[in-house]
Amino acid sequence: MSDTFGRPRPLVVAHRGACGYRPEHTLAGYQLAIDLGADLLAADLQLTRDGVLVARHDAELSASTDVAERPEFAHRRRRGLVDGRELTGWFVDEFTLDEVRSLYARERIPELRPSNQAYDGRLRVPTFDEIITLAVEGGRRRGRPVGLYPELKHPTYYAERGLSAEDALMAALLGFRLERAGIPVLVQSYEPSVLRRLAARTSVPLVQLVDSTGRPFDWERAGDGRRFVDLLTPTGLREVASYATVLGAHRSLVVPRDPEGRLGHPGRLVSDAHDLGLAVHAWTFRNENSFLPADRRRGREAAGHGDALGEYRVFFGAGVDGVVTDHPDTAVRARDQAFGSRSRRSLLSDASSPARPIETSSTGMATSRPDKPSTS
């Protein structure tokens, strides 16, 4: 990734929109993310009973909508298993699109984002098609593309219920002619099997998500004993590189924290991935103290904003190719400080290629211009 002057510049991915400022997965949040300079819009995609992709993080609706307050849906509440986890509530795949669209979004973590509650009851649940349309129009208005970063949530769960997330995604890509329209699309999943199948069906870059614990549900379902950590070994990374072009890593896998919760030193993951031609996108960055490493918190309030800029500098110094963030304006500001604020026009032209790390001091501050050859 580089700007028009050839310098590496990581991508800023708006996590569920600008959800630090608006309830997640709402058109208002996605529009704000575009306005704040995000390069890509990340959307978690679930399937309705009639097979339509809608943007929700959870397969269960009560955490992020007003479904529990709607008497007409009271009888839909039940217990169920999603990826082996027992949940009680209302499930997306038991609602038609029209029913989902009748719900209002609400702030999922009001204790940390109380100001977002002002939008509760005002914003609807968007479809993936609506997010695509917003991105296309937003790119036209600002004169540079707005990319899409969809994640297929629970594809094995949906397949076992007779719904194909892959088919629905491919229909959207083909229907909007995104592969030919110059609009970057990077498709994410935790499940390697779905990415392998997509690799045979589309040329869009694929992102293998890797968490710090656990294992992909498709592996669990197939009796495969491997865990996410096995994807980070030399053998695992080579396997990922055979079907994906981006490793979407929990940020603790890139820069671990010490026992006191402070940022440590970057490990080898970025360089190992780059050696195999894989870009690395780290997730998820947030401004609130509750999510920041101990040495970047400011004040005692969990909802207070700390030194997020300092955290980004460490990760940019570690050589990540993208950051996934709830606060895209902060990420853009940190990137501009580290790499300069000149044209971003060509950022997305090579969205899945690894960049070189920039030089940093022991504190994570940039010590040289990113186009200066490394001396380390």
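**Reading rings, helices and burial**

Analyst: Happy to. Let's begin with a single side chain: Tyr-190 counts as partly exposed, because its relative accessibility is 23%. Keep in mind that this is a predicted model.

User: Which class does Trp-283 fall into, buried or exposed?

Analyst: Trp-283 is buried, since its relative accessible area is 14% and the cut-off for buried is under 20%.

User: How many aromatic pairs does a search of the whole structure find?

Analyst: The search finds 8 of them. Tyr-190 and Trp-283 make an edge-to-face pair, because their planes stand at 85 degrees, with the ring centres 6.2 Å apart. This pair joins distant parts of the chain, 93 residues apart: Tyr-190 sits in the loop between β7 (187–189) and α6, and Trp-283 in strand β10 (residues 279–285).

User: And what kind of aromatic pair do Tyr-312 and Phe-316 form?

Analyst: That pair is stacked, with 20 degrees between the planes and 6.1 Å from centre to centre. Both residues belong to helix α11 and are 4 residues apart, about one turn of the helix. Tyr-312 counts as buried, at 1% relative accessibility, and Phe-316 is buried too, at 1%.

User: Which residues do ring pairs link into a cluster?

Analyst: The cluster holds Phe-285, Tyr-312, Phe-315, Phe-316 and Phe-339.

User: Now to helices. What should I look at when two of them pack?

Analyst: Two packed helices are described by the angle between their axes and by the distance between those axes. Take helix α11 (residues 308–317) and helix α12 (residues 328–339): their axes are 9 Å apart and the angle is about 55 degrees. That angle makes α11 oblique to α12. The crossing of these helices is right-handed.

User: Which residues in α11 and α12 meet?

Analyst: From α11 come Ala-308, Leu-309, Tyr-312, Arg-313 and Phe-316; across from them in α12 are Thr-330, Ala-331, Arg-333, Ala-334, Arg-335, Gln-337, Ala-338 and Phe-339.

User: At what angle do α5 and α6 pack?

Analyst: Helix α5 (residues 165–175) and helix α6 (residues 192–199) pack at about 40 degrees, and their axes are 11 Å apart. These two are therefore oblique to each other, and α5 passes α6 in a right-handed crossing. Glu-166, Leu-169 and Met-170 in α5 meet Val-194, Arg-197 and Leu-198 in α6. The contact has 4 nonpolar residues, no polar ones and 2 charged ones.

User: Which residues of α1 are buried?

Analyst: Gly-29, Tyr-30, Leu-32, Ala-33 and Ile-34 are the buried residues of α1. Just after α1, Gly-37 takes a positive phi of about 100 degrees.

User: Where does Thr-26 lie?

Analyst: Thr-26 is in the loop between β1 (11–15) and α1 (27–35). This threonine is buried, because its relative accessible area is 0%.

User: What does Thr-26 touch, leaving out residues up to four places away in sequence?

Analyst: Thr-26 touches Ala-105, Leu-123, Arg-124 and Pro-126.

Conventions
Residues numbered from 1 in each chain as written. Predicted model: local features only at pLDDT ≥ 70, side-chain atom pairs only at ≥ 80, totals over all residues. Heavy atoms only, no water. Buried < 20%, exposed > 50% of the residue type's maximum accessible area, 1.4 Å probe, protein only. Contact = heavy atoms within 4.5 Å. Axes fitted to C-alpha atoms, helices over the stretch in contact; angles between N-to-C directions. Parallel < 35°, antiparallel > 145°, perpendicular 65-115°, else oblique. Left-handed = near helix turned anticlockwise from the far one by under 90°. Nonpolar A, V, L, I, M, F, W, Y, C, P; charged D, E, K, R; others polar. Phe/Tyr/Trp six-rings, centres within 6.5 Å; stacked < 30°, edge-to-face > 60°.
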